[in-house]
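Here is a friendly walk through one protein model, meant to be read with the structure open beside you.

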Amino acid sequence: MPWDKHGIDRTIELGEFEDRPEFAISTVRVLRTPRLQDTFPELDVRAANSSQRLSHLLKAEYAILGDIVRKVGHAPVTRAYVRAGPRPKLFFDPRKVRAGIMTVGGLCPGLNNVIRELTSTLINVYEVAEVLGLRDGLWGLHSDEPDEALRLTLDRVCGIHLCGGSILGSARGGLSPELLPAAVEGIRRRRLDMVFIIGGDGTHRAAGVLSAALREAKVPCAVVCIPKTIDNDIDIIDRSFGFSTAVAEALTAISSAKTEAKAAPGGVGIVKLMGRNAGFIAAHAVLACGVVDACLTPEVPVVLAGKDGLLPHLHRTVRKNGHAVIVVAEGAGQTIANSDASAFTEAGKAYAAALAEGSDLATAAAKSAVLSPGAATGSEAAAEGERDQGGHAKLLPIAKFMKSAVEAFFKGVDEEVNVKLIDPSYIIRSVPASANDALYCLLLGQNAVHAAMAGFTEISLGLCNNRMVLLPITAIVENSPRVMDPLGRTWERVVSCTGQPNTAERLTVGGGAGAITGRTIF
Ligand SMILES: Nc1ncnc2c1ncn2[C@@H]1O[C@H](COP(=O)(O)OP(=O)(O)OP(=O)(O)O)[C@@H](O)[C@H]1O
Ligand SMILES: O=P(O)(O)OC[C@H]1O[C@](O)(CO)[C@@H](O)[C@@H]1O
């Protein structure tokens, strides 16, 4: 059957590209992926991949194009990535391989799936000598527990993916400059040929530092990262595993908020979701459930009063529907989160007075921009305050602030409001992976092992245009954590779904008179 059996929309002749050079690709540059062979050519065993379980061995030149969409003005040079998969030649002799696995950072649905798949691919496909599960993130490199206590076997990993969490434990910290030499020594002492480090952007940075130190110390150990974060803030890849499970779990909380808000007079449900720098979880949950009236994310300024004010929008929504639901990402509005919420009573009074005088809703909203200086200034405390082991600033409680601000505003309007704050918190990331994420984890685990066995190092991997590719860690960390484009299509969809005022453009021009904005804090 010919490939065009269903008919074709149009044919673009190459000649057309010649006339329209802005669409043409003349050069494809495949991103270089480091290999141990470059540093340790003398150790390259160049063994034929003789696994009985593999029949599709990839040729070195297989690559996946990075830019699928071609826009006017795109450079004629495009990126491509090395395709992941089993290679015909191995750097290591599988029977001698000793491998280590670690999970680093916060939990994420699917961690156990990846641990199980790494272990079973190493044992079943390559029949390696030893697989060790190092405990408590990067701290595992410093532990002197005997290998027997850490050994991962097929029995040990059987069924672990049915539970959330990580059987190895997960932690932040463990690779400060003072700890780095001991971490390298830990790898040398255990004679590890490859370490699989499952973690987020911070972990990738740590893995880059560790790889460089291993190279310098002449330790021939492959470092392969597997990107993990429910925040979906790792650059280049289509998505990180666990993200869609977390979004699905968030829908349960939003649905409860809707039910609670509907049942109470003047009900307003607020759901707080994770997302320190990036609002992907909040935005995707809002789009997926379709019952939310306002979404606050770190990327888009939070404007509470005035023409584009969220509070007048909520009042309108409650008046029209009897209730409203708000989703707040934890990193949103950090410059206002500890300002004086009671000041919004004045905003509510001014808004109500304008309505009573016969102003239309837009004019009344504009008049609500009457605020005490305490509310308008906010605070930068989140950037300066306490930090966790990963160096992240402890966030200010934006969801609680929103609850107080809504209550204060409705008090000023003199209307009843019942605000219910739901914080599903760690629930969304401690659940087992969905089927979709489980499948993704399987592909990641298998391909990570294939890459390490072939000698790739200082790399990560993931889906790129729906194909599994290998990526240098340096390329991953360059623009991670990534954030949602406030002027992009996802945010536009959120605004059209919620009906909230779009305050995104203020990111570039700063807050207008009377507007309260919460800028992004990185
Ligand atoms: N530049 C760096 N150099 C050395 N180690 C680092 C570096 N950045 C991060 N790390 C280490 O990696 C650990 C994990 O990083 P981080 O806490 O940012 O979590 P993460 O990997 O981004 O995962 P999550 O998405 O759960 O936050 C840190 O606790 C720290 O020990
Ligand atoms: O409290 P912990 O474990 O540091 O994790 C919180 C952070 O982890 C993340 O979920 C990323 O995994 C962030 O959204 C959140 O701020």
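Which exposed residues does the face of H19 turned away from its buried side carry? They are Arg489 and Ser496. Before going further, please note that this is a predicted model, in which local features need pLDDT of at least 70, side-chain atom pairs count only at pLDDT 80 or more, and totals for chains, interfaces and linings use all residues. Residues are numbered from 1 along each chain as its sequence is written, while chains are lettered from A and ligands numbered from 1 in the order in which they are written.

## Helix H19 and its two sides

Helix H19 spans residues 489–498, and its buried residues are Trp491, Val494 and Thr498. They cover an arc of only 55 degrees around the axis, which puts them on the same side of H19. The arc is that of the directions from the helix axis to the C-beta atoms. "Buried" here stands for 20 or more other C-beta atoms within 10 Å of the residue's own, "exposed" for 12 or fewer, and "partly exposed" for anything in between, with C-beta atoms placed from the backbone. Helices (H or I, at least four residues) and strands (E, at least two) are DSSP runs, numbered from the N terminus. An α-helix has 3.6 residues a turn, so residues three or four places apart point the same way.

What covers the buried residues of H19 includes helix H9 (280–289) and strand E11. Just after H19, Gly499 takes a positive phi of about 80 degrees.

## Two helix pairs

H9 and H19 pack with their axes 10 Å apart, at an angle of about 45 degrees. Axes are lines fitted to C-alpha atoms, for helices over the stretch in contact, and angles run from 0 to 180 degrees between N-to-C directions. H9 and H19 are therefore oblique to each other; angles under 35 degrees count as roughly parallel, over 145 as roughly antiparallel, 65 to 115 as roughly perpendicular and the rest as oblique. Their crossing is left-handed, a term for the near helix being turned anticlockwise from the far one by less than a right angle, with clockwise giving right-handed. On the H9 side, Ala283, Val286 and Leu287 meet residues of H19 that include Trp491, Val494 and Thr498. Contact is counted if the C-beta atoms of two residues, placed from the backbone, lie within 7 Å.

In a second pair, the axes of helix H6 (residues 180–189) and helix H7 (residues 201–216) come within 10 Å and cross at roughly 70 degrees. H6 and H7 are therefore roughly perpendicular to each other, and their crossing is right-handed. Leu180, Ala183, Val184 and Ile187 of H6 make the contact with Val209, Leu210, Ala213 and Leu214 of H7.

## A parallel sheet

Now to an open sheet of four strands, paired in parallel in the order E11-E12-E10-E13. Strands E11 (294–296) and E13 (418–422) stand at the edges with a single partner strand each, so one side of each is left without a neighbour in the sheet. Two strands pair if DSSP finds at least two bridges between them. Some partners to look up are Leu273 with Ala329 in E12, Cys295 with Val327 in E12, and Ile270 opposite Leu421 in E13.

How many of the seven residues of E12 are buried? Seven of the seven are, so E12 is largely enclosed by the rest of the structure. His323, Val325, Val327 and Ala329 point one way from E12, and Ala324, Ile326 and Val328 point the other way.

Most residues other than glycine have a negative phi, and most peptide bonds are trans. Arg191, in the loop between H6 and strand E8 (194–199), has a positive phi near 55 degrees. Arg191 is partly exposed, with 13 other C-beta atoms within 10 Å. Asn232 also has a positive phi, near 55 degrees, and lies in the loop between strand E9 (222–227) and helix H8. With 25 C-beta neighbours inside 10 Å, Asn232 counts as buried.

The peptide bond from Ser480 to Pro481 is cis, with omega near 0 degrees. Pro481 is found in the loop between helix H18 (473–478) and H19.
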